[in-house]
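Subject: The two-chain model, with notes

Hi there,

Here is the structure I promised to send over. Have a look at it first, and then read on for what turned up.

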Amino acid sequence: MGLNKPDHYQILGILRDASQEDIKRAYFEAAQRLHPDKNVAAGETEIFLDIQQAYEVLSNPRRKTMYDATLPPEIETHGVVKHEFILSRPNLVKLAEPQLVYGLLEIGSREGPDKIPAPPLNICLVLDRSTSMQGEKMDMVKAAATQLIRSLRPQDVFSVVAFSDKAEVIIPAAINWEMKKQEARIQFMQTSGATEIFQGLDAGLQEVCRSLNPSRVNHIILLTDGHTYGDEQACLQLADSAARQNIGITGLGVGNEWNDIFLDALASRTGGSSVYISKPKDIQRILVDKFNALASTFADDVILEYKVQKHVRINYAFRLQPEGGTVQLENPMHLGPISREVPLHFLIEFVVDPSALEQDHVTLLDGALKISVAALPTPVPPIRLRIVCDVDAKPSSEPPPTRILSALSKLTLYRMQERARTAADEGQYSSAARHLQNLATHLLSQGQNSLAKTALMEADNIERMHAFSASGNKDIKYSTRALLLSAPKEKAR
Amino acid sequence: MIVCTNCKHDNMDGAMFCAECGAQLLGQDLTTQNISTEEFRSSLPRVDQDSYQPFDGRDAWGSLHLLDTGQVLPLSARNEFTLGRVSEGQPIMPDIDLSPYQAYAGGVSRLHAVIKQSGGRILLMDLGSANGTYINGKRLQANVEQALNHGDIVALGKLKIQILVKN
């Protein structure tokens with residue numbers, strides 16, 4: 001943070017008008033996450049001490065008043081970020097059954113991309129070099145890594161870790177790199193052994209931590225082609241620890257043998273996402289695209305902290321852009337990055353219990369958005385997000401906002417795919433097949449003929465063999481996810 | 001509770017798309033309105049007689065001859081067309097909208113069937129429509145392609161269409 005040390009309010013992630021209750025809550029939440037008894041990750045004890053100091057000052061009204069007097073005027077919240085939250089309908093209806101309401105959050109940089117400096121990178125490439133990577137996959141990985149080394153800017157920190165059942169640092173994290181030597185080290189990578197993702201992730205995290213700096217985009221790109229066995233839970237804990245240090249994780253899965261559910265869970269804990277690489281020849285292009293996306297980051301991650309509401313449940317959450325991906329329903333929620341060019345769009349589904357409707361308005365969400373903008377030396381003050389919806393006897397006749405409608409119409413396709421998989425996992429094969437057939441109908445009508453065909457073939461596979469084909473479920477999942485980003489196809493008439 | 005008119009699934013109030021079949025739920029009350037066929041006839045668009053010759057486009061691979069109203073719709077420019085009926089607030093549009101030809105009264109689903117040309121053959125597939133698709137009176141199984149021949153009478157619900165194939 002350099003000269004501009006964050007003030008006590010920023011450390012606790014609260015606004016200056018926070019009540020004593022808010023301060024206490026923020027402290028307890030932070031303490032729970034960061035207590036030294038629970039966490040041993042590097043740097044966390046220092047953060048915890050800062051938090052404790054901040055709380056000691058702010059929880060004492062007399063000391064708080066004295067401290068407030070020393071503070072410079074608060075930086076205007078609407079300085080660098082603009083945001084908007086819209087609901088699918090203006091009011092809830094008095095009903096004796098649960099009801100749904102959708103919210104869409106759009107948050108982006110206020111300034112155009114040319115006005116914000118591009119942040120320096122601190123990226124570790126964690127590469128699977130298990131035996132199954134042998135051949136074209138490894139060749140493509142080497143070519144891609146070489147290209148990335150050549151495209152680095154002088155301010156970027158880059159490291160490479162290769163792993164199988166143990167990890168090896170191929171290129172240690174540093175700025176002063178000798179390009180030729182590094183390229184040679186990449187070329188010498190050999191395939192052998194099994195896939196143990198924890199080994200690679202752990203070593204990768206250590207490399208990133210060596211140059212960890214909030215003014216950089218700190219990120220791990222994990223590339224694998226296989227399942228990891230037994231260490232999933234440890235990996236997820238590692239991802240949580242990365243998230244607390246503001247390190248993002250992207251998972252790239254090559255071929256059909258990797259576990260997309262696991263890689264999604266791993267990446268989404270940090271606000272990242274997983275990408276499916278169906279053919280080895282696409283490795284280079286996708287890796288370079290990912291690198292470019294990271295280089296045009298505006299904010300690494302948007303974190304939503306919220307109070308759990310008694311009668312309102314968050315049922316589903318999804319990031320529509322800049323990269324479509326699942327968002328873990330946890331508190332805090334990692335919504336994902338904001339790109340310099342593309343704002344973050346995040347869709348949330350609330351289920352409102354009838355018991356909430358006794359009052360004439362319901363608080364759907366009460367929390368704050370924390371945004372870490374890499375290119376700015378000072379932390380961005382949290383943005384309060386308090387969404388209250390009125391309760392009325394009758395539904396509103398107003399049509400829902402088109403932005404929510406069009407987002408949901410595309411998300412519906414992705415969710416049908418999810419439902420088909422859930423049903424298949426539960427052994428309800430005819431239901432899974434029906435979901436896929438319905439999905440195919442919708443895809444067909446949108447002109448996605450080959451994807452519709454894949455969905456129908458998978459429906460057939462499930463009915464006959466009670467299983468997806470090796471590539472089918474990933475094809476459908478990542479293609480319907482990609483549809484979220486593309487503009488709807490022009491109607492042919 | 002909102003009951004999906006497409007698949008009868010019970011959705012929670014406030015839902016916008018059916019959780020079961022993905023159909024849009026808003027504006028569905030439109031489907032329960034009763035409109036007499038006569039109104040449809042009188043509201044039919046006036047079509048210039050010269051503009052719909054059976055095989056006007058050189059690239060048309062076939063035509064749909066609507067038996068009730070007499071129009072002929074050429075199939076050209078692409079190899080695949082979805083047939084259905086456009087209704088308000090629908091995110092998914094059929095390529096060929098049959099609503100000017102009494103599709104509503106004939107019980108045509110919003111996405112009823114798909115007709116395509118493939119390997120010199122013309123194929124028809126029902127897309128799980130409510131009232132079914134028939135070739136010469138024989139009902140098709142949903143989502144299964146069936147070959148069509150010149151002169152076949154296809155019924156989408158009660159809407160009858162003769163298939164004209166360019167040789």
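**What was found**

In chain A, which has 493 residues, buried residues make up 46%. "Buried" here means that 20 or more other C-beta atoms lie within 10 Å of the residue's own, "exposed" that 12 or fewer do, and "partly exposed" anything in between, with C-beta atoms placed from the backbone. Before going further, please keep in mind that this is a predicted model: local features need pLDDT of at least 70, side-chain atom pairs count only at pLDDT 80 or more, and totals for chains, interfaces and linings use all residues. Residues are numbered from 1 along each chain as its sequence is written, while chains are lettered from A and ligands numbered from 1 in the order in which they are written.

**The two chains**

Chain A has 14 helices and 16 strands. Helices (H or I, at least four residues) and strands (E, at least two) are DSSP runs, numbered from the N terminus. Of the chain A contacts with a separation of 6 or more, 73% are between residues 24 or more positions apart. A contact means that the C-beta atoms of two residues, placed from the backbone, lie within 7 Å.

Chain B has 167 residues, and 35% of them count as buried. Its secondary structure comes to one helix and 13 strands, in the order β-β-α-β-β-β-β-β-β-β-β-β-β-β along the sequence. For chain B, residues 24 or more positions apart account for 39% of the contacts with a separation of 6 or more.

**Where they meet**

T412(A) is buried, with 23 other C-beta atoms within 10 Å. Leaving out residues up to four places away in sequence, T412(A) touches F17(B) and G22(B). Within its own chain, the C-alpha atom of T412(A) is separated by 9.8 Å from that of L484(A), 72 residues apart along the chain.

**A helix pair in chain A**

Helices α13(A) and α14(A) (residues 472–485) pack with their axes 10 Å apart, at an angle of about 140°. That makes α13(A) oblique to α14(A). Axes are lines fitted to C-alpha atoms, for helices over the stretch in contact, and angles run from 0 to 180 degrees between N-to-C directions. Angles under 35 degrees count as roughly parallel, over 145 as roughly antiparallel, 65 to 115 as roughly perpendicular and the rest as oblique. In the contact, L451(A), T454(A), A455(A), M457(A), E458(A) and N461(A) of α13(A) meet G472(A), N473(A), D475(A), I476(A) and S479(A) of α14(A). These comprise four nonpolar, five polar and two charged residues.

H466(A) sits in the loop between α13 and α14 of chain A. Its phi is near 60°, a positive value in a residue other than glycine. H466(A) is exposed, with 12 other C-beta atoms within 10 Å.

**A sheet in chain B**

Five strands of chain B form an open sheet with mixed pairing, in the order β6-β5-β7-β8-β11. Two strands pair if DSSP finds at least two bridges between them. The edge strands β6 (96–97) and β11 (145–148) each pair on one side only. Strand β5 (residues 80–84) of chain B runs parallel to β6(B), joined by two bridges, and G84(B) stands opposite D97(B) in β6(B).

Q102(B) lies in the loop between β6 and β7 (111–118) of chain B. Although not a glycine, Q102(B) has a positive phi of about 65°. Is Q102(B) buried or exposed? With 20 C-beta neighbours inside 10 Å, Q102(B) counts as buried.

**Two cis peptide bonds**

Q321(A) and P322(A) are joined by a cis peptide bond, with omega about 5°. P322(A) lies in the loop between β11 (312–321) and β12 (325–326) of chain A. The bond from N331(A) to P332(A) is also cis, with omega near 0°, and P332(A) is found in the loop between β12 and β13 (333–339) of chain A.

Happy browsing!

Key:
Ala, Val, Leu, Ile, Met, Phe, Trp, Tyr, Cys and Pro count as nonpolar, Asp, Glu, Lys and Arg as charged, and the others, Gly among them, as polar.
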